[in-house]
Amino acid sequence: MKSLSIYLFAIIFYSNAFSQSLEALIKSKNSDLIVLRDETVFEILSENELIISRKYNAIIKNRYASDYKNIYLFYDQFREITFAEVTISDLSGTVLEKFKIKDFNDVSAGGGSLADDSRAKILKPTLSKYPFKISVSYELKKSGSLHYPIWNPQRDEKIYIKSSNFVVLDNSNNSFRYNSFNLADPEIEDLGNTTSYKWEVENISPFKYEDYNYNIEDYAPIVYTAPTTFQMDGLKGDMTNWNSFGKWMQQLNEGKNDLEIQQLNSLTNLVSKIDSDFEKTKIVYDYLQSSTHYVSIQLGIGGWQPFNSAFVHEKKYGDCKALSFYAHSLLEHYGIESYYTLIRAGNYSAEVDASFPNAHFNHAILSVPINQDTIFLECTSQTKPFGYMGKFTSDRNALMITENGGKIIHTKKYTPEENVQYSKIGVMLQPNGAAKVSLDRNFNGLEIDNYRFRELYAKGESEVNKWLTDSYTLGDMSIIDFELKQLTNEVVPQAGFKANIVTNKEAKRIGSRWFISPGKYFESYLDRLPDSKRTKPIRIRYGYSQVDTLKYTFPENLFPESRPKAVSIISDYGKYIRTLKEGNGEMTIIREFVFNDGVYPAEEYDHFKKFINAVIKEDNRKIVLLDKT
């Protein structure tokens, strides 16, 4: 009896302690979502049969976590949803709503695709009285093993993990592979015909992204999984290394170039007049842009396999795979070497790990080796300059598919010397504080996409004028005229604009003094950094430079009383140099700012913060004019 009493006391004590700790978590402002228990089991039965089952209980504390009550289960001809159930209850356990798979909406998951067999079961409960508890369980069966799951239990900020685990049951003896971050090694257990791998985390506090680092792998536990051998739609492949995976991709592309040379007479007439492979490639790219357009088509294994080139030539459309392979086929007909290339696209997409072969690609481009260099062609755009990558695909690993297999390459990196914004600004101040302003701005490299500037070349005049007003905080202004400069067709393109405007409140009067803010014409794209302890590396992905010449002309009655001083700030992260010239009622500010890309250790944060905050402080310096009338 004594031991039973001790046991019951221990249960009551643990229950009370858990209730108290849970109550504290609910009251805490550090989290929006509390994951009480999350269990995911991934079972590998064979190369052709996989099962993923998941059960989790969570408390949605407030409206900021409302998205977590929405359940999305995707399926297609390779994925089947065999079971799904959702229960919503209050914190006392009283059931408020209960849903089964029949209650989910069944919708196409193709988005803007012309043809897509992917669909989704979607549930969006309407309950909005917080906090409440949600319990979810579902099972997916997959045929084909190209894609293994990613376990990421804490996929965003403000999520508290009470308990979560991930179990892989490998029945296939297929040398299952994994790559993990912020986790201990898995518990591995031999269960006879099955090997079990188990990762588990408990009491994981919420994290907060630090400035200049939004790489989830630096913050949260993650496990990437991948097969060695696999099959999709009966086509077997090997992912032991990038070369073998590339051979599978090459197999998908075999026989797809079925173009006949007589179909290309108009293009041949243009190409035949040119000797340079570089110029021939430009002509082919221009032809591609002018004669085709992008549509998404994701049918069956078509998510990885391009359409035949003759089909694309006839229909004048295709997805990224089809258009990239079509461009390859065109160049092949003119004896120019090129390679179909897989890439993970996105302005801030995580890098593909060269040491861990996987199928984590979402886009296709074309690589064209010419004269000791490689030109990368974005074949889905009708407007991108020749060879221009942009932030969408530049400076990252990609898998080039050759006749001998796959090869990891790195796409073009745009340097701060190439990404330059040049500005010449003239401000003629009027006696009433208004000003006539001429703004001449040139963009080089990645800078052509500042505020989506490049998109203006495909828009009308009203959109162009609206862009200037929306993009720059110049105050109350009227646009007199706006002129787009030529967008050059180069790997490092150039573009720009000229504008004449009137600002109605260029200077602010206080007593006998007028205050002017030159910094509104400088776009450093920086935010002041806080005094806080840094724990993660500083990551600057895209470096850039700015060179600004700002010339003020003042009315005769106004004289500079104070002005920004010449300054030079040099650091590992960039530089800021400002010089001044003045006389005859004029003042010219010449400003040069360079921001270097790179990865810097957390220990350098104080130095980095000092540099950033100093630049912001200098850009905020004012000119004070004294009215002597």
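The sulfur of C320 lies 9.5 Å from the closest cysteine sulfur, that of C379, which is too far for a bond. A disulfide here means a pair of cysteine sulfur atoms within 2.5 Å. C379 is likewise in no disulfide, its nearest cysteine sulfur being that of C320. Searching the whole structure gives 0 disulfides. C320 counts as buried because its relative accessibility is 9%. C379 is buried too, with a relative accessible area of 1%. The scale reads: buried under 20% relative accessible area, exposed over 50%, partly exposed in between, with a 1.4 Å probe and protein chains only.

The model is predicted: local features need pLDDT of at least 70, side-chain atom pairs count only at pLDDT 80 or more, and totals for chains, interfaces and linings use all residues. Residues are numbered from 1 along each chain as its sequence is written, and side-chain values use heavy atoms, without hydrogens or water.

**Strand pairs**

Strands are DSSP runs of E with at least two residues; helices are runs of H or I with at least four; both are numbered from the N terminus. Two strands pair if DSSP finds at least two bridges between them.

| Strand pair | Bridges | Direction |
|---|---|---|
| β4 (residues 79-89) and β9 (residues 132-142) | 10 bridges | antiparallel |
| β4 and β5 (residues 95-100) | 5 bridges | antiparallel |
| β26 (residues 420-429) and β27 (residues 435-444) | 9 bridges | antiparallel |

Strand β4 pairs with β9 and with β5. S89 stands opposite K133 in β9. I88 has E97 in β5 as its bridge partner. β4 and β5 form a hairpin, with 5 residues between them. In that turn, G93 has a positive phi of about 105 degrees.

In a regular strand, side chains alternate between the two faces of the sheet.

**The open sheet**

An open sheet holds 8 strands in the order β28-β29-β27-β26-β33-β37-β36-β35. Its pairing is mixed. β28 (477-484) and β35 (567-571) stand at the edges. Each has a single partner strand, so one side of each lacks a neighbour in the sheet. From one strand to the next, the twist averages 10 degrees. Angles run from 0 to 180 degrees between N-to-C directions, and axes are lines fitted to C-alpha atoms, for helices over the stretch in contact.

K424 has D440 in β27 as its bridge partner.

Helix α8 (residues 461-471) packs on the sheet. α8 touches β28 and β29 (494-503), where contact means heavy atoms within 4.5 Å. The direction of α8 makes about 120 degrees with that of β28.
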